[in-house]
Amino acid sequence: TSYGFREVPDGQKQGLVNQVFHKVAKRYDIMNDVMSMGMHRAWKDAMISALNPRKEPGYKVLDVAGGTGDIAFRIVEASGRQAHATVLDINGSMLGVGAERAEKKKLSGNLTFVEANAEELPFEAGGFDAYTIAFGIRNVPRIDAALSEAYRVLKRGGRLLVLEFSEVDMPLLDKIYDAWSFNAIPQFGKAITGEAEPYQYLVESIRKFPNQENFAAMIRQAGFSRVTFTNYTGGIAALHSGWKL
Ligand code: SAM
């Protein structure tokens, strides 16, 4: 479906995404609350419950597109401050905000921040117990490359969890959601950062992302077993799970 926004060629996508997050980094956390009406917190909490991180020091998680650290902080806390989380993001501005937040929360000892691309992870094979990515994979130009990298860096028995906006499957909610995302989100973006277009792009990227079934198929394609998904809030977001067995 076209919503009248200009098409972004794949080769330019990463550059545009980087601009958006560079501009918004300092206001990213507040924007998340405004644009999701606070719901992102509940979805993230549900993701961490699904992961159920082991409470032991050797437990290692890689949080990709980790941005300002929301997922990694929750994992470290849920492990009783035992786990180690690597926060990886392509954007140094987002990581900078994350590192500051980590200091304030006194979590820095459990965290490493790495600036890199999800399509090409700077890690050896088989090092992580879990790979998490929240609201990040739709921004990655080559999703299949990101998924095979996820598979590569996980240990045997390791877990993949992907939280992402998905296809709304409730009759009235989809109308409300469309109105919210195509009108309110670019408006808020403009009010907060001075520009609407990058937000129109982000909304468009949600529409283009494969639906639950199709994304589950891509995860299987990358080699993962026992692939399942759970919808949150009528499918506004969905959590996909897979195992490297
Ligand atoms: N996971 C965090 C959260 O849930 O609050 C941040 C999500 S934010 C919507 C998306 C993040 O993906 C941004 O920080 C952006 O820089 C990052 N990103 C975009 N493309 C990426 C890529 N190719 N590799 C790694 N990170 C990427």
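Me: Which residue takes a positive phi just after α4?
Reply: G80, at about 65 degrees. Helices here are DSSP runs of H or I with at least four residues, strands are E runs of at least two, and both are numbered from the N terminus. Bear in mind that this is a predicted model: local features need pLDDT of at least 70, side-chain atom pairs count only at pLDDT 80 or more, and totals for chains, interfaces and linings use all residues. Numbering starts from 1 along each chain as its sequence is written.

Me: OK. How many residues of α4 are buried?
Reply: 7 of the 9, so α4 is largely enclosed by the rest of the structure. Buried means 20 or more other C-beta atoms within 10 Å of the residue's own, exposed means 12 or fewer, and partly exposed is in between, with C-beta atoms placed from the backbone.

Me: Which ones are they?
Reply: D70, I71, A72, F73, R74, I75 and V76.

Me: And what do they pack against?
Reply: Helix α3, plus strands β1, β2, β3 (111-115) and β4. Contact here means that C-beta atoms, placed from the backbone, lie within 7 Å.

Me: Let's take α3, then. At what angle do the axes of α3 and α4 cross?
Reply: Roughly 45 degrees, and the axes of α3 (residues 39-51) and α4 (residues 70-78) come within 10 Å. That makes α3 oblique to α4. The axes are lines fitted to C-alpha atoms, over the stretch in contact for helices, and angles run from 0 to 180 degrees between N-to-C directions. Under 35 degrees counts as roughly parallel, over 145 as roughly antiparallel, 65 to 115 as roughly perpendicular, and the rest as oblique.

Me: Which residues meet there?
Reply: From α3 you have K44, D45, M47, I48 and L51, and from α4 D70, I71, R74, I75 and A78.

Me: New topic: α1 and α8. How do they cross?
Reply: At roughly 120 degrees, with the axes of α1 and α8 (residues 197-208) coming within 10 Å. So α1 and α8 are oblique to each other as well. On the α1 side the contact uses L16, Q19 and V20, and on the α8 side P198, Y201 and L202.

Me: Is N52 buried or exposed?
Reply: Exposed, because N52 has 11 other C-beta atoms within 10 Å.

Me: What about R81?
Reply: R81 has a positive phi too, about 60 degrees, and isn't a glycine. R81 lies in the loop between α4 and β2 (84-89). With 13 other C-beta atoms within 10 Å, R81 is partly exposed.

Me: One last residue. Where's A130?
Reply: In strand β4, residues 128-134. A130 counts as buried, since there are 22 C-beta neighbours inside 10 Å.

Me: What does A130 touch?
Reply: Leaving out residues up to four places away in sequence, A130 touches L51, V61, G158, R159 and L161.

Me: And how far is A130 from G58?
Reply: They're 72 residues apart in sequence and 12 Å apart in space, C-alpha to C-alpha.

How values were computed
Contact = placed C-beta atoms within 7 Å.
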